[in-house]
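Let's take a walk through a protein together. Keep the sequence and the 3D view open beside you, and find each part as we come to it.

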Amino acid sequence: MKALEGVKILDFTHVQSGPTCTQLLGWFGADVIKVERPGVGDATRKQLVDVPGADSLYFTMLNHNKRSLTLNTKTPEGKAVLEKLILECDVMVENFAPGALDRMGFGWDRVHELNPRMIMASVKGFGPGPYEDCKVYENVAQCAGGSASTTGFLDGPPLVTGAQIGDSGTGLHLALGIVTALYHREKSGEGQRVLAAMQDGVLNLCRVKLRDQQRLAAGPLKEYSQYGEDIPFGDATPRAGNDSGGGQPGRILKCKGWETDPNAYTYFITQAAVWQKICDVIGKPEWKEDPEYATPDARLPRLGEVFSTIEEWTMTKTKFEVMDICNPLDIPVGPILSMKELAEEPSLRDTGTIVEVDHPERGKYLTVGCPVKLSASPVEVVRSPLLGEHSDEVLAQLGYSADDISGLRSAGAI
Ligand code: CAO
């Protein structure tokens with residue numbers, strides 16, 4: 001039995017943030033019924049198309065383990081079906097633009113009145129406040145949540161990151177809110193609203209930068225390279241390039257082949273506990289006793305020199321050789337792995353972190369599997385549904401006869 005078996009999710013999500021949440025719940029065993037507009041569906045089905053006529057990878061990779069029901073919730077017949085679904089399901093998840101659900105006639109008050117046990121979970125760009133009515137996409141959230149301002153190099157513009165912390169990150173937050181509300185409902189018998197705002201999710205993931213914002217009041221941030229470079233700090237947490245900026249200084253360093261391979265780099269952390277071993281590995285044993293290098297505090301003003309010296313050594317090794325040499329010595333390093341390398345990594349296939357899926361329209365493709373492993377609830381990744389693939393099945397389970405279903409179809413409701 002899967003962990004969330006028996007939980008029914010009424011999935012009104014689209015694009016990325018909401019679908020990542022419901023996909024996660026599906027992986028854990030929930031029955032996810034994805035409601036889509038007839039003939040149209042989730043806009044991502046037809047975005048970034050690589051195989052003409054087939055659902056895009058954008059859609060398929062976000063919508064595994066779901067059933068698709070087409071339903072026009074703006075028709076009276078469609079609204080009647082939706083009411084039945086609300087009575088049947090445990091959780092309604094949505095990430096419409098602010099106000100869309102109210103306009104549809106299914107805001108919280110109505111849903112709660114229909115089914116007091118229903119948990120209604122939403123992703124919005126912003127929480128209550130001046131921007132609550134705004135539509136938001138990934139990069140807007142990264143910018144509004146503090147990530148862009150603290151990402152990039154000091155002398156460059158703010159940068160967005162490839163990790164979808166605004167969309168997929170908020171989807172993860174929402175999933176946690178949903179299972180927490182389900183747990184609460186076990187005891188209280190009552191549903192509740194769950195809101196994950198993308199700005200809040202990004203800020204939560206950027207908390208160390210809010211930490212540093214407050215530390216600025218006590219003086220310059222000595223763990224940032226600019227301290228040793230005598231560049232004054234302003235009044236906000238600066239961009240710190242590839243500095244770890246934390247208690248254990250680290251940086252991305254070139255490895256053998258960097259001139260032609262854009263990913264021939266390693267992340268190297270000068271963890272204090274293994275400093276002596278680092279000195280031996282890089283051929284600087286004299287730094288072990290030298291008071292200018294022997295302690296973490298002494299090294300902070302000279303991080304540039306320390307990392308340049310380590311880099312002279314890493315440039316003589318491939319990123320994997322650096323790993324092979326440093327790991328047995330407990331020196332924390334990590335190769336910069338390209339998407340190609342990750343896609344081809346056998347150990348990630350073995351654990352189900354990357355899986356190959358077969359799809360009737362597009363054939364075989366790779367996707368991420370569930371990143372959280374439950375020992376008693378193994379995940380089987382099931383291909384994403386075609387538009388409306390399960391409409392008849394879902395409606396029959398709701399008690400509609402074949403005649404009812406064809407009536408709904410001719411009325412344009414499904
Ligand atoms: N039947 C009938 N109508 C439906 C429907 C259905 N099954 N499903 C959706 N619709 C309607 C909605 O009711 C809405 O209609 P109205 O505007 O007339 O009330 C309309 O479709 C469009 O919904 P939307 O405004 O959510 O979609 P959009 O493409 O214009 O905006 C987005 C997309 C993502 C910007 C917006 O939904 C949003 O800001 N969501 C919240 C934040 C979020 O999740 N962002 C992450 C997106 S991933 O980067």
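**Helices across a sheet**

Start with helix α13 (residues 303-314), which lies across β7 and β8 and runs at about 40 degrees to β7. Helix α14 (residues 319-326) lies across β8 and β9, running at about 155 degrees to β9. Some terms need explaining here: helices (H or I, at least four residues) and strands (E, at least two) are DSSP runs, numbered from the N terminus. Angles run from 0 to 180 degrees between N-to-C directions, and the axes are lines fitted to C-alpha atoms, for helices over the stretch in contact. Contact means heavy atoms within 4.5 Å.

A word on where this picture comes from: it is a predicted model, in which local features need pLDDT of at least 70 and side-chain atom pairs count only at pLDDT 80 or more, while totals for chains, interfaces and linings use all residues. Residues are numbered from 1 along each chain as its sequence is written, and side-chain values use heavy atoms, with hydrogens and water left out.

Now look at the sheet itself. Three strands form an open sheet in the order β7-β8-β9, with antiparallel pairing. Strands β7 (250-254) and β9 (333-335) are the edges, since each pairs on one side only. From one strand to the next, the twist averages 20 degrees. Two strands pair if DSSP finds at least two bridges between them. Strand β8 (residues 265-269) and β9 pair in the antiparallel sense over three bridges.

Let's step back to the whole protein. It has 18 helices and 11 strands, and its C-alpha atoms fill a box of roughly 85 × 45 × 40 Å along the principal axes. Of the 414 residues, 45% are buried; buried means under 20% relative accessible area, exposed means over 50%, and partly exposed lies in between (1.4 Å probe, protein chains only). Among contacts between residues at least 6 apart in sequence, 64% join residues at least 24 apart.

Next, visit helix α1 (residues 17-27). How many of its residues are buried? The count is 11 of 11, so this helix is mostly covered. Among the buried residues of α1 are Cys21, Gln23 and Trp27. After α1 comes glycine 29, whose phi is positive, near 110 degrees.

Gln23 turns up again when we look at threonine 60. This threonine lies in helix α2 (residues 57-60), and it counts as buried because its relative accessibility is 0%. Leaving aside neighbours within four places in sequence, threonine 60 is in contact with Gln23, Asp55, His359, Arg362, Tyr365 and Ser384. A polar atom of its side chain lies 3.3 Å from the backbone oxygen of leucine 57.

Most residues other than glycine have a negative phi. Leucine 48, in the loop between β2 (31-36) and α2, has a positive phi near 55 degrees. Aspartate 230, in the loop between α10 (225-228) and β7, has a positive phi of about 60 degrees although it is not a glycine. Are these residues buried or exposed? Leucine 48 counts as exposed because its relative accessibility is 67%, and aspartate 230 counts as exposed because its value is 68%.

Asparagine 204 lies in helix α8 (residues 198-205) and is partly exposed, with a relative accessible area of 31%. Its side chain makes a polar contact with the side chain of histidine 173 (2.8 Å). A polar contact is a pair of N or O atoms within 3.5 Å; within protein, one must be able to donate a hydrogen and the other to accept it, and residues adjacent in sequence count only if both atoms are side-chain atoms.

Our last stop is the ligand. Of the 23 residues around it, Ala97, Arg103, Lys135, Val136 and Asp167 come nearest; a residue is near a molecule or strand if one of its heavy atoms lies within 4 Å of it. A backbone N or O atom of valine 136 lies 2.7 Å from a nitrogen atom of the ligand, and for leucine 71 a backbone N or O atom lies 2.8 Å from a ligand nitrogen atom.
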